[in-house]
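Good morning, and thank you for coming. I shall present one structure today, and I ask you to keep it in view while I speak.

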Amino acid sequence: MKRNKLFILLLALFLCISLTAWAKEDNRQKLYDGAIALMNMEYYEEARAVLNVLGEYSDSQTLLAECEQKIGCTEQAEKTGAYTLTVTVQAKLLQANHVGNEWAPAFYVNGQYAAWSSSNEKQQQYALEGETVSVSVGDTIPLQCVIVETDQYPDTGSHRENVTVTEELLENGTTMTWNIEVEENRGRYKGNVAQWQVDITLTGEQ
């Protein structure tokens, strides 16, 4: 009987340790709470970035649909054209400056969320390779990057540019670099600014 009780005690201890370790690694609830906070502040684009990362967690998809409705993305039809524009992105944190340790960067091509193909969260480096969109000469393609520092009161920074598709762009491609700042919004380090660099390459083909 004592052996059974000891076994149960050890099993409970093991489960407790396992669940504690899992909770430490899985910050989905923190991201979810941050998305809610962003929506309450009407930062719908930033909240959308977080909800895209969360995927099917809780009612994230419902909230995502609400965000997209708010920013007018639900009625945006995907363009079709005679050419393919390929987007490659490299995003990296240059300086945290005590703004945060956990981040959820997101990138959008023509209003559509593009998932990172690889990332090194320890060094805060992210890569998006080979995202494609069908275009025609004269089209305007919006590109946007949103950087979200994930805590109870998320700090955000973003940059957006519209790219006009020209014959020269399709033939020669182009590169651009965005410098995105994320400012700490409260606490001991309020006013500190984190620095991100986002390098984008566009290439076209028929």
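Ile141 stands opposite Val163 in strand S7. Further along, Ile147 faces Gly157 of S7. These pairs belong to strand S6 (residues 140-149) and S7, which pair in the antiparallel sense over 10 bridges; strands are DSSP runs of E with at least two residues, helices are runs of H or I with at least four, and both are numbered from the N terminus. Two strands are said to pair if DSSP finds at least two bridges between them. S6 and S7 form a hairpin, with five residues between the strands.

Before I go further, a word on the source. This is a predicted model, in which local features need pLDDT of at least 70 and side-chain atom pairs count only at pLDDT 80 or more, while totals for chains, interfaces and linings use all residues. Residues are numbered from 1 along each chain as its sequence is written, and side-chain values use heavy atoms, with hydrogens and water left out.

In what order do the four strands of the open sheet lie? The order is S3-S2-S6-S7, and the pairing is antiparallel. Strand S3 (112-114) and strand S7 (155-164) are the edge strands, each pairing on one side only. From one strand to the next, the twist averages 25°.

Let us look at S2 within this sheet. Ala106 and Tyr108 point one way from S2, Phe107 and Val109 point the other way, and all are buried; buried means under 20% relative accessible area, exposed means over 50%, and partly exposed lies in between, with a 1.4 Å probe and protein chains only. Towards S6, S2 pairs in the antiparallel sense over four bridges, and the bridge partner of Val109 there is Leu143. Towards S3, three bridges join the antiparallel strands, and Tyr108 stands opposite Tyr113. The hairpin of S2 and S3 has two residues between the strands, and Asn110 takes a positive phi near 55° in it.

Helix H3 lies across S2, S3, S6 and S7, running at about 75° to S6. For such angles, axes are lines fitted to C-alpha atoms, for helices over the stretch in contact, and the angles run from 0 to 180 degrees between N-to-C directions.

Which residues touch the most other members of the largest nonpolar core? Of its 32 residues, they are Phe107 and Ile200. A nonpolar core is a set of buried Ala, Val, Leu, Ile, Met, Phe, Trp, Tyr and Cys residues joined through side-chain atoms within 4.5 Å. Among the elements that each supply at least two residues of this core are S1, S2, S6 and helix H5 (167-172). Leaving aside neighbours within four places in sequence, Ile200 is in contact with residues including Val87, Phe107, Leu143 and Trp178; contact means heavy atoms within 4.5 Å. A second, separate core of 20 residues includes Leu31, Ala35, Ala47 and Leu54. In soluble globular proteins, nonpolar side chains tend to be buried together.

Helix H4 (residues 60-70) has the buried residues Ser60, Leu63, Leu64 and Cys67. They cover an arc of only 105° around the axis, which puts them on the same side of H4; the arc is that of the directions from the helix axis to the C-beta atoms. The face turned away from this buried side carries the exposed residues Thr62 and Gln69. Helix H2 (28-40) and helix H3 (44-54) are included in what covers the buried residues of H4.

How many salt bridges does the structure hold? It holds one, where the side chains of Glu102 and Lys30 meet at 2.9 Å, N to O. Glu102 lies in the loop between S1 and S2 and Lys30 in H2, so the pair ties together parts that are 72 residues apart in sequence. A salt bridge is a side-chain nitrogen of Lys or Arg within 4 Å of a carboxyl oxygen of Asp or Glu. Glu102 counts as partly exposed at 30% relative accessibility, and Lys30 is partly exposed with a relative accessible area of 36%. Asn27, in the loop between helix H1 (2-25) and H2, touches Glu102 and Thr150, not counting residues up to four places away in sequence.

Finally, the protein as a whole. It has five helices and nine strands, and of its 206 residues, 38% count as buried.
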